[in-house]
Structures are given as structure tokens and as C-alpha cells.
Amino acid sequence: MGVPFTPYPWESFVTTDLTVPDRTRSDVTPIQRRTLGLLFGTQIIGGIGVTIGIAVGALLAARIAGTAVAGLTQSAAVVGAALLAIPITRIMNGHGRRPGLVVAYLVGAVGAVLVVLAAVTRIVPLLFLGSLLFGGGTAANLQARYAAVDLAEPARRGRQLALIVWATTIGAVAAPNFAALADTVTGGWGLPPLAGPFAFSTAAFVLAAGVLFVLLRPDPLLTARRRAAGEAAVATPPVVDPVTTGPSAGGLPEVGPATSPGPVARRGAGMRVAWQVVRDRPAARLGVAAVAVGHAVMVAVMSMTPVHLGESHGDADVLRVVGIVLSLHIAGMYALAPLVGWLADRLGRPAVILGGVGLLLAACAVAGTAGHHTPLLSVGLVLLGLGWSGTMVGGSTLLSESVPAAVRPSVQGFSDLTMGLAGASAAAVSGFVMRAAGYPVLTLLAAIVVVPLVALALRWGPGRAPDREDDTCG
């Protein structure tokens with residue numbers, strides 16, 4: 001037995017001894033089942049925290065700073081989630097999924113507190129700073145989907161990743177409808193209108209962080225690395241670098257000669273190495289592009305829909321209408337995720353990505369021509385959510401299985417960084433487009449952004465089998 005690697009006190013609860021014997025699949029299955037259960041529960045809690053803030057964020061910004069910059073608060077939250085992916089990835093690379101997720105949720109809680117203070121003081125810079133840090137909650141929810149596949153069997157990766165995506169449905173669909181209740185409850189505390197939902201977000205993020213800190217043991221990423229180390233210890237020939245070998249049938253690096261040179265991977269690999277890995281693998285490029293483009297289109301249209309609804313509804317009704325429409329939209333994003341994951345496992349990841357692109361185009365067409373007809377606009381937002389689900393689940397699964405396990409957290413963080421920057425840009429531009437040209441033009445521009453992804457997915461080829469190719473990747 002070697003000496004456990006425990007550079008920080010919080011990791012004293014999780015062994016990181018990479019010389020322990022390998023765990024067999026039967027040993028890992030109970031750990032995977034427990035991990036999925038914990039992630040499922042915290043996704044519900046975190047989904048409430050994120051969505052209840054998103055539901056009123058643009059409205060709060062419009063009242064404090066004006067409609068033209070309403071989209072910038074959403075942009076700040078997306079940028080925050082993207083930038084936080086870098087330190088969170090570093091924490092996960094060195095110490096596992098648990099501390100990374102805990103830190104992300106706590107940063108989100110601090111951001112929610114600052115947004116409440118901004119609503120009270122009407123200080124615009126404080127609002128943007130709070131929105132930036134609020135993105136920590138989103139970053140945690142996004143990174144949780146990758147924790148679900150650390151120990152997943154290849155044939156079930158899509159479904160298990162999608163299960164964690166779907167878990168957000170339970171909290172997120174109901175959360176927008178809690179906005180009015182949150183305002184009523186916190187109104188007695190002296191908080192201004194639209195500040196209450198962010199107070200509820202604070203409590204949700206702190207609770208999710210506490211549950212993960214206490215219960216996510218053993219850490220799935222560290223367990224996966226122990227399996228890889230066990231394989232290396234018994235492999236022949238004896239001189240092998242397991243870090244530069246490809247994933248095995250269990251989704252972990254297998255022992256054997258590297259079949260592609262590629263960059264040298266290591267636990268502390270950063271964004272530069274992640275970019276090199278993605279650049280050298282067509283499947284990884286498609287995965288990153290699908291996640292980023294789908295998210296950008298969704299954020300652009302969704303973030304301005306409450307403002308569009310506010311043009312035709314008074315203050316007495318707008319929160320109720322926004323709550324209903326966004327609940328339907330979020331149901332489209334998450335409710336059918338298990339089916340999307342099953343289709344990704346059965347039909348292939350690229351086929352599901354193409355389906356998601358088609359739904360995004362249909363969503364832009366329906367929402368852009370709905371005018372102020374709320375039921376038709378709701379249909380468009382449901383289609384928007386379904387399209388996002390296809391690109392997110394298909395792209396994330398394809399990306400995770402297309403890169404070596406040793407650099408997987410870094411590549412996943414790079415993907416979330418790219419996704420966040422794309423979404424942030426879309427959200428920032430959406431407010432100006434909304435003011436200058438209106439909601440229909442915004443949806444038209446969003447549809448145009450989707451089109452290049454079709455060519456990329458068709459070039460990859462829906463019939464190819466990434467699992468086999470990527471089993472030999474560097």
C-alpha cells in the first residue's frame with residue numbers, strides 16, 4: 001500500500017491512494033448507484049435555486065437598470081458559470097468531484113445574497129457582480145452530469161447522464177411558480193419585489209452543498225482513478241503510462257501502448273491541454289460544438305421571453321404568466337431527458353444531436369411567429385427545451401466517451417467554459433436585439449446560428465461508432 005495523497009484537509013475523508021487494488025465492476029456498481037442517487041437529489045435542490053432566480057432575473061434587471069441591459073444580467077450569470085468551470089475543474093482534477101461541486105454551490109449562494117442586496121440598494125454594479133457569482137449554481141448543476149458517468153458502463157452512459165439532467169425537472173419546473181410565493185414571504189422581511197426568489201436560491205444552494213459534502217463518499221472520480229491504477233499495476237508489459245492510454249470498456253484508461261501521440265495528460269491538466277485534446281478528436285469537437293450552440297440558442301430566446309411577455313401583461317399577471325411559460329419550457333428541457341439518453345445509446349450520439357438541431361429550428365419558427373399569443377409562444381418554448389435536451393445529452397455523452405479518462409475533467413470543464421461563453425454572448429446580444437428589432441428578429445438570428453451545426457454533425461456521420469474509435473484514443 002502506498003501513502004495516501006491528501007494535500008488538503010477536506011480530502012482526509014476520501015482516500016486518494018492510487019496504489020490500492022483495482023475494484024471490479026461488481027464492487028463499483030453499488031458506488032455508482034449511490035452516486036446517482038445523491039446527484040439526483042441535489043440536482044432537484046440545485047434546480048430550484050437556479051431556476052427561481054432565472055425566472056425573475058431579467059425582470060429585476062429591467063426594473064433596476066432598464067430593458068436594454070436586462071439580458072446582461074443573464075449574460076453575467078452564464079459568464080460566471082463558464083469562468084467558474086476553470087477553478088472547479090482544477091479542484092476536481094486534484095481532489096475529486098465532491099469538493100468541486102461543494103465550492104460551486106457555495107459561490108452561487110454568495111452571488112444570490114449579493115443580488116438581494118442589489119435589489120435593496122438599487123446598485124447596478126452589485127447586481128452584475130451577484131449575477132456573475134450566481135452562475136456557481138449553474139456550474140454545479142452542469143458538472144454533476146459528468147460525475148454521473150465516471151463509473152458508468154459504456155452501454156448506459158447516455159441514460160445515466162440523462163438521468164441527472166432529468167432530475168433538475170422536479171425542482172426546476174415548479175421553481176418559477178414559487179417566485180410569487182417567495183416575494184410574498186420575503187415581503188414581510190422588508191425586501192423589495194423580485195428579491196425574494198434570490199433569498200430562496202441562497203438557501204437551496206447551501207443545502208445542496210451540505211448534502212454533497214457529507215454524503216458523496218467515496219468520490220466517483222477518485223474511485224475511477226483507483227480502478228485505472230489497479231489495471232496499470234497488473235498489466236503487461238510492465239512499463240506503461242496509463243495516463244496516455246485510452247478508455248477501457250468501463251470508461252476508464254486501459255493499460256497498453258498509447259495508440260496516438262497527443263498531449264501528455266495528467267490530473268492537473270489545464271485548459272490548454274483540454275483544447276489540444278478536443279482539437280485532435282473529431283468526436284470531441286462535435287460534442288463541444290453541440291453543447292455550446294444548443295445552449296447559446298436556448299439562452300438567447302429564453303432570456304428575452306419574460307421581457308416579451310411583460311410587453312403584453314401587467315404587473316399583476318406577468319409573474320404568473322412567466323411562471324407558467326418557463327415551467328413548460330423547463331419541462332421540455334429536462335422531462336424527456338431519460339428518453340433522449342436512451343435514444344443516444346440506441347441510435348448514436350450524432351443522430352440525437354441532429355434531432356435536437358431540428359427541434360431548435362422549429363422552436364425559433366414557432367416562437368418568432370407567435371406574437372403575443374401566449375399558448376403558441378409556450379409551444380415554441382417547449383420545443384426550444386426539447387432541442388436543448390438533444391444537443392446537451394447527445395453532445396455531453398459523445399464528449400465524455402471521446403477523450404482519455406485522465407484529462408476528462410479538464411475537457412469537460414473546457415466544454416462548459418465554451419458553452420458558457422457562447423451562452424453569455426447570446427444573452428448579452430439578445431437584449432440589444434430585442435430593443436432594436438424585436439422578439440421575432442431575435443428568434444430568426446438564433447435559427448441562423450444553429451445551421452452550421454447541421455453540417456458538422458453530418459460530416460461526422462450519425463452511423464459511426466465513437467466508442468470503438470475512442471477506446472484507442474491517446
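**Cavities, core and a loop**

Modeller: In the lining of the second largest cavity, H1 is the element that gives the most, with four residues. Helices here are DSSP runs of H or I with at least four residues, strands are E runs of at least two, and both are numbered from the N terminus. A cavity is a set of points on a 1 Å grid over the protein atoms alone where a 1.4 Å probe fits but cannot get out, and lining residues have an atom within 4 Å of a point.

Biologist: What are the ground rules for the numbers?

Modeller: This is a predicted model, where local features need pLDDT of at least 70, side-chain atom pairs count only at pLDDT 80 or more, and totals for chains, interfaces and linings use all residues. Residues are numbered from 1 along each chain as its sequence is written, and side-chain values use heavy atoms, with hydrogens and water left out.

Biologist: Which residues line the second largest cavity?

Modeller: The lining consists of Gly53, Ile54, Gly57, Ala58, Thr73, Gln74, Ala77, Val115, Leu127, Ser131, Phe134 and Phe198. H1, H2 and H4 are the elements that give two or more residues to it. By class there are seven nonpolar, five polar and no charged residues. Nonpolar covers Ala, Val, Leu, Ile, Met, Phe, Trp, Tyr, Cys and Pro; charged covers Asp, Glu, Lys and Arg; the others, Gly among them, are polar.

Biologist: And what is its volume?

Modeller: About 130 Å³. Volume is the space filled by probe spheres set on the grid points, which are joined across faces, edges and corners.

Biologist: Switching topic. How many helices and strands?

Modeller: The protein has 17 helices and zero strands.

Biologist: What share of the residues is buried?

Modeller: Of the 474 residues, 59% are buried, meaning under 20% relative accessible area, with exposed over 50% and partly exposed in between (1.4 Å probe, protein chains only).

Biologist: Which residues touch the most other members of the largest nonpolar core?

Modeller: Leu39, Leu60, Leu384, Tyr439 and Leu453, out of 105 residues in that core. Helix H10 (residues 282–310) supplies the largest share, 14 residues. Another core of 15 residues lies apart from it, with Met271, Val277, Val278 and Leu417 among them. A nonpolar core is a set of buried Ala, Val, Leu, Ile, Met, Phe, Trp, Tyr and Cys residues joined through side-chain atoms within 4.5 Å.

Biologist: What does Tyr439 touch?

Modeller: Leaving out residues up to four places away in sequence, Tyr439 touches Val301, Met304, Thr305, His308, Ala367, Leu377, Leu381 and Met434. Contact means heavy atoms within 4.5 Å.

Biologist: Why does Thr305 count as buried?

Modeller: Because its relative accessibility is 1%. Thr305 is in helix H10 and, with the sequence neighbours up to four places away left out, touches Val325, Leu377, Leu381 and Tyr439.

Biologist: Last one. Where is Pro192?

Modeller: In the loop between helix H6 (179–187) and helix H7 (196–215).

Conventions
On a 1 Å grid over the protein atoms alone, a cavity is a set of points where a 1.4 Å probe fits but cannot get out, and a pocket is an open set with protein on both sides within 12 Å along at least five of seven lines; lining residues have an atom within 4 Å of a point.
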